[in-house]
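Visitor: I'm new to this one and would like a close look at a single part of it. Could you start there and then show me what lies around it?

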Amino acid sequence: MSLTSLTDLPAPAKLNLFLHVVGKRADGYHLLESLFVLIDWADTLHLELRTDGQLHRHDLGPALPADDLCLRAARALQAASGTTLGVDISIDKQVPWGAGMGGGSSDAATVLLGLNRLWGLNWPRSRLLAIGEKLGADVPFFVGGRNAYVQGIGEILTPVSWPRQWLAVVKPPVAIATKEIFSSPLMTTRKSDAIVMDSVADTALELQKLLNKQCSEGGNDLQAAAEALSAEVQQARHWLVQAFGNGRMTGSGSAVFADAGTGDQPVAALPEGNLPAGWASKMCRTLDHHPLVGWAS
Ligand SMILES: C[C@](O)(CO)[C@H](O)COP(=O)(O)OP(=O)(O)OC[C@H]1O[C@@H](n2ccc(N)nc2=O)[C@H](O)[C@@H]1O
Ligand SMILES: Nc1ncnc2c1ncn2[C@@H]1O[C@H](COP(=O)(O)OP(=O)(O)OP(=O)(O)O)[C@@H](O)[C@H]1O
């Protein structure tokens with residue numbers, strides 16, 4: 001029997017445990033090296049099949065831009081597959097945007113994975129990745145579904161198994177446009193050296209050690225530019241440093257996070273009552289993998 005709906009599909013956010021800018025492509029996009037981890041702060045999507053070919057979105061929470069990444073993902077898959085089917089997408093937006101948490105990119109990936117099933121396409125993951133790459137730099141990571149060491153502009157993914165970790169996340173009430181940060185003169189002065197792997201025969205364990213080192217020493221090469229633009233980002237990071245002894249920005253901001261340990265409980269609680277009104281925060285945990293990781297081969 002064919003499917004007519006898929007409900008409660010998760011679209012989890014990501015954090016960049018470190019982020020280095022290591023170069024620039026001819027088209028102006030910046031080359032990165034970063035450790036991306038999935039966290040348990042997620043949007044929820046519901047997909048309802050339409051037989052008239054139309055694509056619609058319904059916002060169950062805060063209103064999204066009219067032509068958002070969910071609709072763009074659905075349109076791209078519809079065009080590439082030639083299907084005559086459509087969909088009603090309902091979205092409960094929980095992940096803050098303009099945060100560097102990849103919320104919109106994750107929504108797009110969940111739409112691709114869900115429609116691949118709802119429309120009976122059964123495409124392999126590689127074909128979905130090719131579509132995801134055109135939608136945004138972070139979409140391939142979410143389609144891949146595994147915590148990963150990420151290179152290029154986001155399309156070169158090396159899956160890593162990352163230990164379960166508590167991460168305290170704070171998002172000040174300022175949305176930062178990725179483009180603005182990448183074009184800041186402060187960013188270009190922060191070019192990092194590339195991580196050097198001895199040979200292609202390097203084991204997963206060696207990669208893990210290198211990544212651990214970058215996480216403990218490294219930072220985010222976009223942070224200075226974001227803090228120059230927004231005093232709130234700096235304020236949020238200082239607040240985390242006071243509470244947890246560390247704090248760092250994710251992506252191009254404005255969210256910041258602190259390592260809160262790997263035990264059964266976080267090393268400290270988020271003193272949320274101390275945050276100004278309008279600030280969002282959550283004690284998150286890394287996911288072992290995306291809940292929909294098995295949805296494409
Ligand atoms: C910085 C990260 O958050 C790390 O996860 C992402 O790479 C950002 O990804 P994103 O928000 O999906 O970005 P996109 O929507 O693809 O790009 C927005 C704009 O940011 C700039 N941009 C983005 C990514 C990148 N690696 N280099 C860039 O220079 C480009 O001017 C681009 O036009
Ligand atoms: N489904 C969506 N959810 C959130 N934002 C969206 C969506 N579709 C389009 N956008 C637009 O994209 C912008 C960035 O959203 P998104 O959450 O992907 O980026 P981000 O938080 O900056 O994360 P990153 O930079 O890591 O990709 C928003 O300001 C919004 O206007």
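In which sense do β5 and strand β6 (residues 156-159) pair, and over how many bridges?

Guide: Before we zoom in, keep in mind that this is a predicted model, where local features need pLDDT of at least 70, side-chain atom pairs count only at pLDDT 80 or more, and totals for chains, interfaces and linings use all residues. Residues are numbered from 1 along each chain as its sequence is written, while chains are lettered from A and ligands numbered from 1 in the order in which they are written.

Now to your strands: β5 and β6 pair in the antiparallel sense, over four bridges. Two strands pair if DSSP finds at least two bridges between them. The element names come from DSSP runs numbered from the N terminus: helices are H or I with at least four residues, strands are E with at least two. In general, strands of a sheet pair through backbone hydrogen bonds, either parallel or antiparallel.

Together β5 and β6 make a hairpin with three residues between them. In the turn sits Gly154, with a positive phi of about 135°.

The centres of the two domains, taken over C-alpha atoms, are 22 Å apart. Where they touch, 24 residues of domain 1 are in contact with 35 residues of domain 2, contact meaning C-beta atoms, placed from the backbone, within 7 Å. β2 turns up again here: along with β1 (5-24), β2 gives two or more residues to the side of domain 1 that touches domain 2. β1 gives the largest share of that side, eight residues. Sorted by class, that side has 15 nonpolar, seven polar and two charged residues.

For background, most residues other than glycine have a negative phi, and most peptide bonds are trans. Another exception is the peptide bond from Gly253 to Ser254, which is cis, with omega near 15°. Ser254 sits in the loop between β8 and β9.

Those strands belong to an open sheet of four, in the order β8-β9-β7-β10, with antiparallel pairing. Its edge strands are β8 (248-249) and β10 (280-285), each pairing on one side only. Inside the sheet, β7 (residues 166-171) and β9 (residues 256-259) pair over four bridges, and Val170 stands opposite Val256 in β9.

Finally, a word on ligand 2. Of the 20 residues around ligand 2, Asp68, Trp97, Gly103, Gly104 and Gly251 come nearest. The helices α1 and α2 are the elements that give two or more residues to this shell, with α2 giving the largest share, four residues. The shell around ligand 2 also draws at least three residues from each of the two domains. The axes of α1 (residues 69-81) and α2 (residues 103-118) come within 8 Å and cross at roughly 35°; these axes are lines fitted to C-alpha atoms over the stretch in contact, with angles running from 0 to 180 degrees between N-to-C directions.

Terms used: Domain bounds come from an automatic or database domain assignment. Two residues are in contact if their C-beta atoms, placed from the backbone, lie within 7 Å. Ala, Val, Leu, Ile, Met, Phe, Trp, Tyr, Cys and Pro count as nonpolar, Asp, Glu, Lys and Arg as charged, and the others, Gly among them, as polar. A residue is near a molecule or strand if its C-beta atom, placed from the backbone, lies within 6 Å of it.
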